[in-house]
Amino acid sequence: SRDEALAFLRARVLESDTQLGTETLRYAVDIPAQALAYKTGALAIRDLRRRAEEALGERFDIRRFHQAVLGHGAMPLSVLEEHLEWWIERERARPAGEPVAP
C-alpha cells in the first residue's frame, strides 16, 4: 500500500515527507509507467557505458561519455545506442588529450 511504501522510505532515505509523498504518489498511484521507463533507460545507459568502457579502455573519459549521452538532447534508446557506437569510433580516432567540447 502507499502507507507501507511511505513507512519503508521514511526508514531508509533522508527526504522530506513532502518529497516522499510526491514520489510514492507518482510511482505507485499516478503514473507507475514513469518508474518503469526511468529504470529501463537507466539500465540501458549503464550497459552503454560498460560497452564504451570496454571498447575504449584507458581512453574512456566519463566526462566525454556524459557529453555524448546528454549533449544532443532526448532521443529514443535505439538512436542513442547508434549514436554511441558512432561516438566510440570517433573516440578511438581522436588524438589523446583532446579536451571535452563545451
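This is a predicted model: local features need pLDDT of at least 70, side-chain atom pairs count only at pLDDT 80 or more; totals for chains, interfaces and linings use all residues.
At 70% relative accessibility, Gly97 counts as exposed, where exposed means over 50% relative accessible area, buried under 20%, and partly exposed in between, with a 1.4 Å probe and protein chains only. Gly97 lies in the segment after α5, which covers 77–93.

Residues are numbered from 1 along each chain as its sequence is written, and side-chain values use heavy atoms, with hydrogens and water left out.

Let me turn to the chain as a whole. The protein chain holds five helices and zero strands, with helices (H or I, at least four residues) and strands (E, at least two) taken as DSSP runs and numbered from the N terminus. The order of elements from the N terminus is therefore simple to state: α-α-α-α-α.

What is the radius of gyration of the protein chain? The value is 19 Å, whereas a compact globule of 102 residues would be near 13 Å; the radius is taken over C-alpha atoms, and the globule rule is 2.2 Å times the number of residues to the power 0.38. Along the principal axes, the C-alpha atoms fill a box of roughly 55 × 25 × 25 Å. Of the 102 residues, 21% count as buried. The chain exposes about 7400 Å², and carbon and sulfur atoms supply 57% of that area, by the Shrake-Rupley method with a 1.4 Å probe; for residues, only the protein chains shown count as cover.

Contact here means heavy atoms within 4.5 Å. Among contacts with a separation of 6 or more, 49% join residues 24 or more positions apart.

As for charge, the mean positions of the 15 positive and 17 negative charges are 3 Å apart. Lys and Arg count as positive and Asp and Glu as negative, with His and the chain ends not counted; each charge is placed at NZ of Lys, CZ of Arg, CG of Asp or CD of Glu.

Is Thr24 buried or exposed? Thr24 is buried, because its relative accessible area is 5%. Beyond residues up to four places away in sequence, Thr24 touches Arg2, Ala5, Leu6, Leu9 and Val29. The Thr24 side chain also reaches the backbone oxygen of Gly21 at 3.1 Å. This is judged as a polar contact, a pair of N or O atoms within 3.5 Å; within protein, one must be able to donate a hydrogen and the other to accept it, and residues adjacent in sequence count only if both atoms are side-chain atoms.

In the loop between α1 (2–12) and α2 we find Val13, which is partly exposed at 35% relative accessibility. Val13 and Val79 are 66 residues apart in sequence, and their C-alpha atoms are 35 Å apart.

Arg51 belongs to helix α3, residues 32–56. With a relative accessible area of 27%, Arg51 is partly exposed. Which residues does Arg51 touch, not counting those up to four places away in sequence? They are Glu81, Glu85 and Ile88. From Arg51 to Gln34, 17 residues apart in sequence, the C-alpha distance is 26 Å.

Finally, His83 lies in helix α5 and counts as buried, at 14% relative accessibility. Leaving aside neighbours within four places in sequence, His83 is in contact with Ala68, His72 and Met75.
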